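Biologist: Before we go through this model, please take each kind of feature in turn, giving me the general rule and then the case at hand.

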Amino acid sequence: MSPDLAQRIKALAAETGYAACGIAPARPFETFRRAVLARMARFPEAAGLYRDLLARADPRADPRAGAPWVRSLVVCVRRYGRYRVPPGLAGHIGRSYLFDRRCRACPEHDMPSRFTAGLRALGLRARRGGVPERWAGALAGVTRFGRNCFAFSPAHGSWINIETWRVDAELPPDRPTVSSPCPPGCRACVEACPTGALVAPYVVRMDRCVAYLTYGAPGPVPDELWKRMGPWIYGCDACQEACPLNRGRWEETEAAPWLERAAPLLAPRALAGMSDDTYRAVVHPLFWYIPPDNPQRWRRNAARALKNAECGLPKAE
Ligand code: SF4
Ligand code: SF4
């Protein structure tokens with residue numbers, strides 16, 4: 001165990017721009033696997049979705065599967081709740097997608113590769129990813145699970161991403177953060193969920209979540225859900241925006257020039273009437289979960305957002 005090395009890794013994370021960094025032992029995430037199986041049993045209508053998740057997740061439930069050299073996990077928190085949201089986009093496109101670091105134009109695009117290079121310069125064998133992020137965040141003591149199933153950082157709320165590395169050094173682990181950050185009795189997120197996807201605290205039914213319905217669901221969305229998707233065009237922030245733990249946690253201290261340039265084309269009215277060329281040249285490079293040959297899905301989502309803004313919304317039961 002090397003406390004000194006652990007401190008240097010955390011200093012490297014701060015230099016790279018991460019808001020927090022913790023260390024966890026490389027042991028299997030059995031609880032994660034059991035939680036996915038429990039959702040499959042509870043929502044047989046969505047079993048296919050959970051089966052896909054499990055197929056992707058199963059190797060990730062054991063950090064040492066296929067990598068027996070792994071000894072510890074390094075877990076970093078990236079805070080995106082510091083960017084100025086261009087006018088007209090909030091409430092239509094989820095904030096995590098607006099400020100997705102994976103977008104090439106985002107100035108934080110290369111953070112993980114810089115951090116990986118720094119770990120290797122410290123003499124570590126390091127591989128990015130390969131574990132369930134939110135569970136790793138709790139195990140490494142940097143985030144806690146809210147009842148809306150998002151990971152919360154004590155300083156930045158849920159406007160964060162978690163990034164993980166598996167390394168070959170035995171490092172002193174941080175204390176896990178297993179307790180809930182939620183005030184007793186709070187159900188603001190459950191009540192704010194427009195489609196009833198957050199069926200109970202800590203339980204999201206994937207096939208009703210607006211985020212999935214806007215960009216992932218195959219085929220037409222049932223009419224009853226379609227109406228409830230309200231103003232959301234791509235993603236949904238309703239359960240995060242309603243959360244008291246996020247109050248004051250979005251501080252618009254930095255400009256997002258790459259997004260400001262595109263913003264006029266991302267307003268609902270512009271999206272509803274955009275050309276195929278605009279979609280391919282401007283929208284798809286920023287938001288890529290809808291395939292490049294399906295601008296119609298964006299146009300339909302945007303037209304529904306406009307219509308719902310005019311008519312008002314039905315409430316979830
Ligand atoms: S993202 Fe939206 S639809 Fe999904 S659980 Fe949260 S509030 Fe509900
Ligand atoms: S809205 Fe309330 S219950 Fe839901 S995650 Fe936030 S604090 Fe927890």
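Biologist: Which residue of β2 is the bridge partner of Ala20?

Modeller: Helices (H or I, at least four residues) and strands (E, at least two) are DSSP runs numbered from the N terminus, and two strands are said to pair if DSSP finds at least two bridges between them. Here the partner of Ala20 in β2 is Val77, while Ala24 stands opposite Leu73. The model is a predicted one, in which local features need pLDDT of at least 70 and side-chain atom pairs count only at pLDDT 80 or more, whereas totals for chains, interfaces and linings use all residues. Residues are numbered from 1 along each chain as its sequence is written, with chains lettered from A and ligands numbered from 1 in the order in which they are written.

Biologist: How many bridges link each pair of strands, and in what order do the strands lie?

Modeller: β1 and β2 (residues 72-79) pair in the antiparallel sense over six bridges, β2 and β6 are joined by eight, also antiparallel, and β3 and β6 by three, again antiparallel. The four strands form an open sheet in the order β1-β2-β6-β3. β1 (20-25) and β3 (126-128) stand at the edges with a single partner strand each, so one side of each has no neighbour in the sheet. From one strand to the next, the twist averages 25°.

Biologist: Which residues of β6 face Arg79, Ser72 and Ala126?

Modeller: In β6, Ile160 stands opposite Arg79, and Val167 is the bridge partner of Ser72. Val167 also stands opposite Ala126.

Biologist: For contrast, how do Arg51 and Ala61 count?

Modeller: Arg51, in helix α3 (residues 47-57), counts as exposed because 12 C-beta neighbours lie inside 10 Å. Ala61, in the loop between α3 and β2, is partly exposed, with 19 other C-beta atoms within 10 Å. Two residues are in contact if their C-beta atoms, placed from the backbone, lie within 7 Å; leaving aside neighbours within four places in sequence, Ala61 is in contact with Pro28, Phe29, Glu30, Phe32 and Arg33. The C-alpha atoms of Ala61 and Phe29 are separated by 4.7 Å, although the two residues are 32 residues apart along the chain.

Biologist: Which helices lie on the sheet?

Modeller: Angles run from 0 to 180 degrees between N-to-C directions, and the axes are lines fitted to C-alpha atoms, for helices over the stretch in contact. Helix α1 (residues 3-16) lies across β1 and β2 and runs at about 145° to β1. Helix α5 (residues 111-121) packs on the sheet, touching β2, β3 and β6 (160-167), and its direction makes about 165° with that of β3.

Biologist: What are the domains, and where do the ligands sit relative to them?

Modeller: Domain bounds come from an automatic or database domain assignment, which gives domain 1 (3-85 + 108-167) and domain 2 (188-311). Their C-alpha centres lie 25 Å apart, and 20 residues of domain 1 are in contact with 21 residues of domain 2. The shell around ligand 2 draws at least three residues from each domain. A residue is near a molecule if its C-beta atom, placed from the backbone, lies within 6 Å of it; 13 residues surround ligand 2, the closest being Gly146, Cys182, Cys186, Cys189 and Cys243. Ligand 1 is surrounded by 14 residues, of which Cys193, Cys209, Cys236, Ala238 and Cys239 are the closest, and α8 (210-215) and α10 (238-241) are the elements that give two or more residues to this shell.

Conventions
A residue is buried if 20 or more other C-beta atoms lie within 10 Å of its own, exposed if 12 or fewer, and partly exposed in between; C-beta atoms are placed from the backbone.
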